[in-house]
Number of protein chains: 4
Amino acid sequence: MIRVAIIGATGYTGAELVRILSRHPKVELVALTSRSYAGRPYYEVYPHLYKYIKLECEQLNINELVASADIIFTALPHGHSMDIAAEVVKQGKKLVDLGADFRLNSTEQYQEWYNVEHTQAELLSQAVYGLPELYRNNIAESTLVANPGCYPTTAILGLAPLIKNNLIDTNTIIIDSKSGASGAGRSVSLKTHFAEVNENFKAYGVATHRHTPEIEQELSNLAGNDVTISFTPHLVPMTRGMLSTIYGQLQEKIDSEQLNQLYQEHYADEYFVRVLPPGMLPQTKALASSNFCDIAVTSDPRTGRVIVLSAIDNLVKGASGQAVQNMNVIFGLDENTGLDVVGIYP
Amino acid sequence: MIRVAIIGATGYTGAELVRILSRHPKVELVALTSRSYAGRPYYEVYPHLYKYIKLECEQLNINELVASADIIFTALPHGHSMDIAAEVVKQGKKLVDLGADFRLNSTEQYQEWYNVEHTQAELLSQAVYGLPELYRNNIAESTLVANPGCYPTTAILGLAPLIKNNLIDTNTIIIDSKSGASGAGRSVSLKTHFAEVNENFKAYGVATHRHTPEIEQELSNLAGNDVTISFTPHLVPMTRGMLSTIYGQLQEKIDSEQLNQLYQEHYADEYFVRVLPPGMLPQTKALASSNFCDIAVTSDPRTGRVIVLSAIDNLVKGASGQAVQNMNVIFGLDENTGLDVVGIYP
Amino acid sequence: MIRVAIIGATGYTGAELVRILSRHPKVELVALTSRSYAGRPYYEVYPHLYKYIKLECEQLNINELVASADIIFTALPHGHSMDIAAEVVKQGKKLVDLGADFRLNSTEQYQEWYNVEHTQAELLSQAVYGLPELYRNNIAESTLVANPGCYPTTAILGLAPLIKNNLIDTNTIIIDSKSGASGAGRSVSLKTHFAEVNENFKAYGVATHRHTPEIEQELSNLAGNDVTISFTPHLVPMTRGMLSTIYGQLQEKIDSEQLNQLYQEHYADEYFVRVLPPGMLPQTKALASSNFCDIAVTSDPRTGRVIVLSAIDNLVKGASGQAVQNMNVIFGLDENTGLDVVGIYP
Amino acid sequence: MIRVAIIGATGYTGAELVRILSRHPKVELVALTSRSYAGRPYYEVYPHLYKYIKLECEQLNINELVASADIIFTALPHGHSMDIAAEVVKQGKKLVDLGADFRLNSTEQYQEWYNVEHTQAELLSQAVYGLPELYRNNIAESTLVANPGCYPTTAILGLAPLIKNNLIDTNTIIIDSKSGASGAGRSVSLKTHFAEVNENFKAYGVATHRHTPEIEQELSNLAGNDVTISFTPHLVPMTRGMLSTIYGQLQEKIDSEQLNQLYQEHYADEYFVRVLPPGMLPQTKALASSNFCDIAVTSDPRTGRVIVLSAIDNLVKGASGQAVQNMNVIFGLDENTGLDVVGIYP
């Protein structure tokens, strides 16, 4: 059994890790840390796990915790995983960081967008961007996996076939994204107060969201040149789910059927990417609680643009499910071990 | 492998059967019937199952279908399962009926509340009320299982310990129930039109709902005398989940702690009934998509009343999960085979 | 023009007062106080009022504020209106308190249920319970109006015709209430965090909610004897709206039609109570944003019980609309001045 | 008093007309037609209007109905208003058509996008596109007003200042729009079934939605050249509200502050367009039930693009409120007569 410790286990991505791993046939949960709930049974914090999880929340003791586990998941605000990573590397264990500390290759970029100094710059070169569909082999050999952001997951998976095939003018990419409120986490805030979110729709972080450089970094890698994008996130009055609508100018004439065929082939071996057949469009409900990314692609001959729709459950493929997928890759398991579930519909 | 056919597979309870059984390790789905969608791939009707279910919807041919399966689930409006049951019995197969045709022992009651004649009265005596927590042994030996209604499941499980221990005045029972909209099924109707249900709360079927005689029948069985209840269902602006708030006059002084102890003991061996520890109350989100029934019980010394809260996912323990639990009992499997999942939270 | 000051203007009931009063033809808003937002334009806190409200939020200076206004509304947590009331009385102005400080006649009851000492006990005798349908004449002459709680408003209006006509056994009253999340106010809390409330339903405060003694006080007044009730509030995943389902044993045989007739007559002169015609049931959406209380009454011959459904918008008839109605009574205006709006549907 | 008849009064836009006009000080409602509910009191169909509307639904008799009214609103599916328009013109009355029959100047375009022949082509030249902010003077003199679609209202108001000032490259315009479910009307459909919409987000009509040519026609008029756009509508799990996120390449360097200033000036005299101050972004809740269009504009120096956010209540400024605004213009009333209400928040 793989011994797993989760640091920051009482946020939503932490809880989702616990939910998934509690059913994972190769995993034993050994520690769940929480600053707010230390000393209390985990099921009091998350009642859906009553009778499933006997562990108590505990204070973080980095040294001991890393020693007790084979792999550590950090589900913390940015800035808090750097020192933990150092300890993990020192003890020769594995880390999947669900935060942002190791996603950007450049410490300058990190400091510019996150307003925090990166204290473990030398570890960045060891970190692998944890999108298995792109970096599976590197992940398998890595110690330190930077689990992607939720928005970037939809954007990169949605655009990769177009960019790799040089079909899209990378100067024209616009990513209009919509997310359920669980993406903002469990910390209380007026922005996620029920009566403020319910029956409401709005944009936020217009032209300033921190996932922008992460998307640009990975699209640039795919393109082989610098890619600058427009990215606008929106808040949807629902709990789970994320959908990105992506626009770009096509470099050549290609119709929807050909694009669908191209995507089908590109992702033919990917268990967790479902390129939908013509006539079907992604919807968040069709993958709620699952690790799928559902994609549809449309060519619009009137404008010469392509429109890609790319949807995930923000807490699963956008966070904890992808983290477990990365763990499976690291330990040589089937990638869908513990993740082979369909969405809850309706 | 148990060969399973589902008649009426494209309603919500049918789809939930497919979802659960698609992951059941001992089951092979052999047929999914649908009048509306015959000839179309099932995943077109339920996109969450894309890549999981290859079957097409088919027209019902009773004879052939029963022959092809070991067990048949009927997920049909009332009145439509009677003739199917006759064929199942004839061919010596098993039936779990998710509708109402075999729940009431009395054809008079059935005809009074459902306004339909019962054409298979002689089969009623063979039918077992499919609440495993009450009738496990009978179910194991039965051919014909009448899967309980969703409201009755909450009410009966919530009241059984009180009635069996003669703690409640059975003339004073009031059951105030609240259900998500998926309980009304997938047939379109103004009553389940999004803009009518969203941000709305209302009662319906006041003093006339068809689950009333079903609850009374089972409570009377438990009590050993005729029990008449008040039952009021309400529609909650959410998709899944059901919670009943049950009131009754206590026959003797007993405090909340003692009642909790009594319930804990009563359900100690039941996997799917979670009597919550003092301080926790049921909430539908804590069991969404799971087969649990969560119960809390409170004694109110000011009024001498007991208040029981009993919650389920109406599509799982209230329908398809319970149906699979019944199937597991019939075939001698562990009751939680294919059902051992926790809720999706948040 | 009536000069109005609102203390605690940035909670939801404060904002609802501002919304209603901004359109009231006889009112001039002179001051809006807020501890959290002092110095900021009110429209920054509540963007729906952009271009309608030019006032800034200000710190509370009791003396000056009372001097500047003819009537003061306090929309504060319990315990905070007592000293303000003293100043209002001293300066000979009027107060409508939307909190709980003057609702209970008995300081012992207040201290028992609210765990706070009442520092202005002598003012209690001057306070009038601000339910115009019961105490219109007293309100007209009063200085100090205790605006009712939201749950009590539904319960008292729903039960008054039965109790006044001695039709219900007052020992058997059960009030099962359901409220939208705005009733919990705008203060952030895990209990009102979007992802926790959405797609969730639960009870809270079982047998312990503070509106219990308020309901009992008013029902006892109506009955002329002590009335003890069971009251269970529930949280509905919606923003606005409240519905109470009320049960009791009838003292005599009387059918639904007769009860409806009785209610129609009882409330014939009340603008804001709509007794629905037979065949219609209250639903919260039908009165969202309006000051109506919609009521339906059913006799159940099977059990000898009556079931009353009583619905309001918790922020309007359950708080700020009723407060304005009280102001209208105090100043001799038509009761529906500024309140003559229909619900927003859908 | 202006005598008003509404044809198709029991759809959501019809009901919203009734709600608004029931409070309009210069209007008398004389007839409400409905095929489905003829003969039934209107309040049975829309319970929020109980005690406000005494009219019964009636069958449409075009001749008589037009004779009885000064102005007729048609709230019908496309294709059904053409013959009514002919009768209105014949009798010299006024028509505001909330459907699509007179929005497109070109019958070819109409037939291409709506798959219906236009039988009153000669009336098209008399029809005015009913966006008062653009065509106020024409509307005042017109007999036949084509009330804009909801999506076009957000798009045109959002883009007009940029296009008129030649600031945007009209070849680069992308309009990504999101709407609540009430926009799909009250006709029942699986697409608007509660359990399908709730907790779900999806696009529809990708590159094929019928509002595309309407937007292009009006943007082309503003630009003085042919404008082709990308337009993608999405369905948000909420009842009311619509927000469009609009992208385009700026023709010159201009920062957000300058753009805001430009918009403020452009709309300085428009009561119903609120250009939000810097730091505020539109949200649908801030204008629910009001006739406002809230707009914010951002310049992104990284990409040289402008991002415009434009929000309305789809049933009010997107349909019935705008129709009443048009009526006010026609009859020389203040434009905000009967429409001077703020949003319902929260």
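This is a predicted model: local features need pLDDT of at least 70, side-chain atom pairs count only at pLDDT 80 or more; totals for chains, interfaces and linings use all residues.
What about the rest of the model: how many disulfides turn up over all chains? The count is 0. Chain B gives an example: B:Cys150 is in no disulfide, and the nearest cysteine sulfur, in B:Cys293, is 12 Å away. B:Cys150 is buried as well, at a relative accessible area of 14%.

## The sheet in chain B

Now for the strands. Chain B has an open sheet of 7 strands, and if you walk across it the order reads β3-β2-β1-β4-β5-β7-β6, with parallel pairing. At the edges you'll find β3 (57-58) and β6 (127-129) of chain B, each of which pairs on one side only. As a reminder, strands of a sheet pair through backbone hydrogen bonds, either parallel or antiparallel.

On one side, β1(B) runs parallel to β2(B), and 6 bridges join the two. One residue pair to look up here is B:Arg3, whose bridge partner in β2(B) is B:Glu28.

Helix α1 of chain B, residues 12-21, lies across β1, β2 (27-33) and β4 of chain B, and runs at about 160° to β1(B). Is β2(B) mostly covered or mostly uncovered? It's mostly covered, as 5 of the 7 residues in β2(B) are buried.

## Where chains B and C meet

On to the interfaces. Chain C and chain B each put 48 residues into their contact. The area buried between chain C and chain B is about 3900 Å², and carbon and sulfur atoms give 54% of it. Which three residues supply more than any other three of the area that chain C buries against chain B? They are C:Glu199, C:Phe201 and C:Arg302, with 18% of that area.

There are also 4 salt bridges across the interface of chain C and chain B. For a specific pair, take B:Asp176 and C:Lys178, whose side chains meet in a salt bridge at 3.0 Å, N to O.

## Where chains A and D meet

In the contact between chain D and chain A, 48 residues of chain D touch 48 residues of chain A. Chain D and chain A bury about 3800 Å² between them, with 54% of it on carbon and sulfur atoms. D:Glu199, D:Phe201 and D:Arg302 supply 18% of the area that chain D buries against chain A, more than any other three residues.

The salt bridge count across the interface of chain D and chain A is 4. The side chains of A:Lys178 and D:Asp176 meet in a salt bridge, with N to O at 2.9 Å.

Terms used:
Residues are numbered from 1 along each chain as its sequence is written. Chains are lettered from A and ligands numbered from 1 in the order in which they are written. Side-chain values use heavy atoms; hydrogens and water are left out. A disulfide is a pair of cysteine sulfur atoms within 2.5 Å. Buried means under 20% relative accessible area, exposed over 50%, partly exposed in between (1.4 Å probe, protein chains only). Two strands pair if DSSP finds at least two bridges between them. Helices (H or I, at least four residues) and strands (E, at least two) are DSSP runs, numbered from the N terminus. Contact means heavy atoms within 4.5 Å. Axes are lines fitted to C-alpha atoms, for helices over the stretch in contact, and angles run from 0 to 180 degrees between N-to-C directions. Buried area is the accessible area (1.4 Å probe) that two parts lose on being put together, summed over both.
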